[in-house]
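Hi,

Here's the structure I promised to pass on.

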Amino acid sequence: MSIENHLRELGLALPPVPQPVGAYVPGVRVGGLVYTSGTLPMVDGKLVATGRVPDAVPVEQAARAARQAVLNALAVVAEQAGGLDRVARIVRLNVFVNSEPGFGAQATVANGASELLLELFGEAGRHTRCALGAAALPLNAPVELDLVVALGEA
């Protein structure tokens, strides 16, 4: 089954490729790899939440925001690769969490993205990862993430 069909079965769809909020491109393909820029949890051009985790944005809501951000990153991958069925492996996921001082559950927030990648790609979605706390993120987003994806034949 194609990844896009699997997304539909989950009640999800790839959003339009997010437009940059600065002087960069959403993604770059270099040989068999796609690198995405930092991607925010936006729907229809608006953040799904704003503020630091956990005071302004509860951990569960931040994990859902990470899930939305990875969907946005996958839209970039699909555009660069010519479709998600070209993905051979999710190599790396970096997740930055807009964290209150003393907050240490960044990995729990990042799991919102990681679990969706595993659900969509199976073992090919098992990836290396960094989950880091940040003092601030662009537009006061609760989470920002980027991907490195290896491509194969469609």
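To start you off: in which loop does Leu-139 lie? This is a predicted model, and in it Leu-139 sits in the loop between strand 6 (128-134) and strand 7 (143-151). I picked that residue for its backbone: phi is near 60°, a positive value in a residue other than glycine.

Asp-44 has a positive phi too, about 55°, and is not a glycine either. You'll find Asp-44 in the loop between strand 3 and strand 4, and at 78% relative accessibility this residue counts as exposed, because the cut-off for exposed is over 50%.

One more backbone item: the peptide bond joining Val-53 and Pro-54 is cis, with omega about 5°. Pro-54 belongs to the loop between strand 4 (46-47) and helix 2.

Now the pocket. The largest one has a volume of about 400 Å³. Its lining consists of 22 residues, and Val-17, Pro-18, Gln-19, Met-42 and Asn-72 lie nearest the centre. Strand 3 (42-43) and helix 2 (59-81) each give at least two residues to that lining, with helix 2 supplying the largest share, three residues. Sorted by class, the lining has 13 nonpolar, seven polar and two charged residues.

Last, the surface. Val-25, Val-28, Val-30 and Tyr-35 make up a nonpolar patch there, with about 330 Å² of accessible area together. Of these, Val-28 is in strand 1 (residues 27-30) and is partly exposed, at a relative accessible area of 38%.

Over to you!

Key. Residues numbered from 1 in each chain as written. Predicted model: local features only at pLDDT ≥ 70, side-chain atom pairs only at ≥ 80, totals over all residues. Heavy atoms only, no water. 1 Å grid on protein atoms, 1.4 Å probe; cavity = no way out; pocket = protein on both sides within 12 Å on 5 of 7 lines; lining within 4 Å. Points joined across faces, edges and corners; volume = space filled by probe spheres on them. Helix = DSSP H or I, 4+ residues; strand = E, 2+ residues; numbered from the N terminus. Nonpolar A, V, L, I, M, F, W, Y, C, P; charged D, E, K, R; others polar. Patch = residues over 30% accessible without salt bridge, like charges linked within 9 Å, V, L, I, M, F, W, Y side chains within 5 Å. Areas by Shrake-Rupley, 256 points an atom, 1.4 Å probe, with all protein chains shown as cover. Salt bridge = Lys/Arg side-chain N within 4 Å of Asp/Glu carboxyl O. Buried < 20%, exposed > 50% of the residue type's maximum accessible area, 1.4 Å probe, protein only.
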